[in-house]
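Hi,

Here is the structure I promised to pass on to you. Have a look at it first, and then read on for what I found in it.

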Amino acid sequence: MLLFVHKKKFFAQEPSIPAYLTPDEWTAVGLTLSIAARSVIFGLPLAVLVAFVLARCRFPGRAVLDALVHLPMVLPPVVVGWLLLLLFGVRGPFGEVLYAWFGIRLVFTANGAALACGVMAFPLMVRAIRLSLESVDPGLEQAARTLGAGWWDRLATVTLPMAAPGILVGAIVGYAVSLGEFGAVITFAANIAGQTQTLPLAIYTALQTPGGEAVAARLSLVSITLAVAGLVLAEWAGGRLRRRVGR
Amino acid sequence: MIQVRLRHSFGAFALDLAFSAPTPGVTVLFGPSGAGKTSVVAALAGLLRPQYGQITVDGTPLQDSDAGLFLPPEHRRLGLVFQDARLFPHMSVESNLRYGMRRAPRGPIGFADVVDLLGIGALLQRRPHSLSGGERQRVAIGRALLSQPRLLLMDEPLASLDLARKAEILPYLLRLKTMLALPIVYITHAPDEVFAIADTLVLLEAGRVLAAGPLTELTARGDLPLAARDDAGAVLPAEIAEHHPARRLSLLHSGAMRLWLPLVDAPVGTRLRLRIPAREIILATAAPEGISLHNIVPGRVRAVTEDAARHAALVEIDAGGAVLLARITPDAVTRLALAPGVAVLALIKSMAVDVLPR
């Protein structure tokens with residue numbers, strides 16, 4: 001916490017004072033938070049959809065989808081990053097379309113880093129959401145049905161609100177994982193200071209630099225603080241929501 | 001009129017039944033567990049799609065397998081009260097009540113009326129998990145009513161409640177029945193609920209209809225499983241004719257039958273139902289004298305059924321329109337030479353008659 005409280009003071013002091021973050025380091029912190037946020041904002045809706053399909057639908061190929069979703073959990077992150085390069089690189093099947101149609105380039109950009117984080121966080125988000133969807137009592141949906149609620153209506157007014165604690169936990173866990181993702185990001189988005197250099201990458205870079213231990217230590221402390229805050233927040237918010245839905 | 005014809009098989013269990021019941025009024029589906037009661041309700045509500053079904057409520061077909069019609073539950077406009085209430089835990093009581101109301105066309109049942117009828121005004125801002133079982137069930141009934149249903153389905157609404165909570169809810173159900181001209185299909189395996197609220201009774205056993213008809217008729221039959229129960233006895237409609245406060249007696253009419261009962265706490269003209277336990281009726285061929293008894297009802301034997309398990313006989317007596325059921329010994333049947341058509345006197349203790357609200 002000390003690191004944040006003295007932010008204002010820091011600008012008036014010499015940048016070499018080791019107890020505070022340098023502007024470059026603040027950039028890395030801000031970038032990390034922003035990339036993780038993007039990864040959750042785009043990943044979460046898709047995770048809810050996939051979790052719903054896995055929890056509720058029975059179709060051939062369900063096991064394949066299930067395995068595919070869990071793949072990033074078991075693959076080395078570097079391999080995930082490389083597969084993303086193949087698919088979303090400017091010559092990759094998706095990357096080419098995105099660039100030609102929308103002018104979007106993902107490799108070596110912050111959005112690319114967010115994609116890599118999102119893919120790595122995806123299995124954990126899906127798991128948390130799926131568990132909460134599976135624990136929604138189908139009897140409540142039946143009751144809503146007899147009261148005249150159609151499919152979308154039931155989803156919006158019963159199923160998703162009842163699964164909200166799990167969705168929130170999924171979002172927070174996904175955010176926390178995104179804050180710490182290293183291998184996939186460095187492979188797909190590279191380690192460009194101010195653009196794709198998130199905290200773990202900055203720490204790695206510092207450790208590769210002679211005399212960078214102090215920087216690495218400060219950034220690690222930030223990392224630890226963020227992670228602990230995330231866990232506490234997840235616990236607190238999840239508990240509140242669970243009480244709201246009466247569990 | 002509710003018309004139902006269903007065929008459905010799940011593994012070893014098969015449902016194959018048909019019944020119809022007049023509306024408005026309370027139709028009770030009664031039977032042991034495993035008789036298929038809940039499946040019938042699920043099929044009525046559309047939550048179960050039977051392999052063959054013809055379901056019509058007041059002329060509106062809900063399912064017609066011959067015509068390929070199957071209305072999904074959300075379009076049937078039937079209010080269903082589940083045994084376990086199934087209130088939405090993430091909503092307040094008021095939001096629960098308004099859930100079906102918002103999704104229904106405007107109807108005759110008003111929010112304030114329902115809240116008042118069920119006595120749930122003080123609960124509106126509460127959350128379902130903070131309610132007692134009885135309160136939850138009242139809210140669930142209100143929620144179903146406010147969806148402006150053409151028929152209210154109640155699947156053992158009192159089964160999960162203890163006796164005190166049951167006694168708390170039953171009066172509300174009776175008010176519901178008298179105040180709203182809403183057809184109700186009610187499922188239970190508790191005879192006291194049957195006697196209290198049924199107008200039409202459908203007896204189910206192993207997926208089939210054993211008998212269906214007016215409660216007064218079925219409770220007076222000696223050949224149905226109802227008659228083999230300890231609490232067997234005919235239920236009769238009656239009306240208070242006179243009060244005699246000095247004698248602490250009331251005179252009630254049921255068809256041509258006159259019955260003296262301990263003073264009933266209701267005005268003259270009130271319509272009630274009487275339940276006369278079969279084991280409390282004495283049969284005679286000549287009127288006894290010098291006896292405390294008030295009620296000596298003349299009638300004719302309609303049928304005699306042997307109940308071998310109890311070493312008893314069940315005698316149906318037509319007492320001028322009202323039919324009584326008496327359980328006596330087979331020996332008495334022989335001594336009095338009771339057979340269909342024989343004139344007989346039914347001796348009914350005033351104290352043995354249960355007076356129930358209509």
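Let me start with helix H8 of chain A, where A:Ala143, A:Ala144, A:Arg145 and A:Thr146 are buried. Please keep in mind that this is a predicted model.

In total, 16 residues of chain A are in contact with 20 residues of chain B. Which elements of chain A give two or more residues to the side that touches chain B? They are helix H8 (138–146) and helix H9 (151–180). H8(A) gives the most to that side, with 6 residues. By residue type, the side of chain A that touches chain B divides into 8 nonpolar, 6 polar and 2 charged.

Now over to chain B, and to the sheet that E7 belongs to. The sheet is open and has 6 strands in the order E7-E8-E9-E3-E10-E11, with mixed pairing. Its edge strands are E7 (78–81) and E11 (208–214), each of which pairs on one side only. From one strand to the next, the twist averages 15 degrees.

Which way do E7(B) and its partner E8(B) run, parallel or antiparallel? E7(B) pairs with strand E8 (residues 151–155) in the parallel sense, over 4 bridges. Within this pairing, B:Leu80 has B:Leu153 of E8(B) as its bridge partner.

Two helices of chain B that pack on this sheet are worth a look in your viewer. Helix H1 (residues 37–45) touches strand E3 (26–30), E7, E8, strand E9 (184–188) and strand E10 (200–205), and its direction makes about 150 degrees with that of E8(B). Helix H4 (residues 133–146) touches E7 and E8, and the direction of H4 makes about 170 degrees with that of E7(B).

Finally, the confidence figures. Chain B has a mean pLDDT of 91, and 100% of its residues reach 70 or more. For the complex, the predictor gives an ipTM of 0.83 and a pTM of 0.82.

How values were computed: Residues numbered from 1 in each chain as written. Chains lettered and ligands numbered in written order. Predicted model: local features only at pLDDT ≥ 70, side-chain atom pairs only at ≥ 80, totals over all residues. Pairing = 2+ DSSP bridges. Axes fitted to C-alpha atoms, helices over the stretch in contact; angles between N-to-C directions. Contact = placed C-beta atoms within 7 Å. Nonpolar A, V, L, I, M, F, W, Y, C, P; charged D, E, K, R; others polar. pLDDT = per-residue confidence, 0-100. Buried ≥ 20, exposed ≤ 12 C-beta atoms within 10 Å, placed from the backbone.
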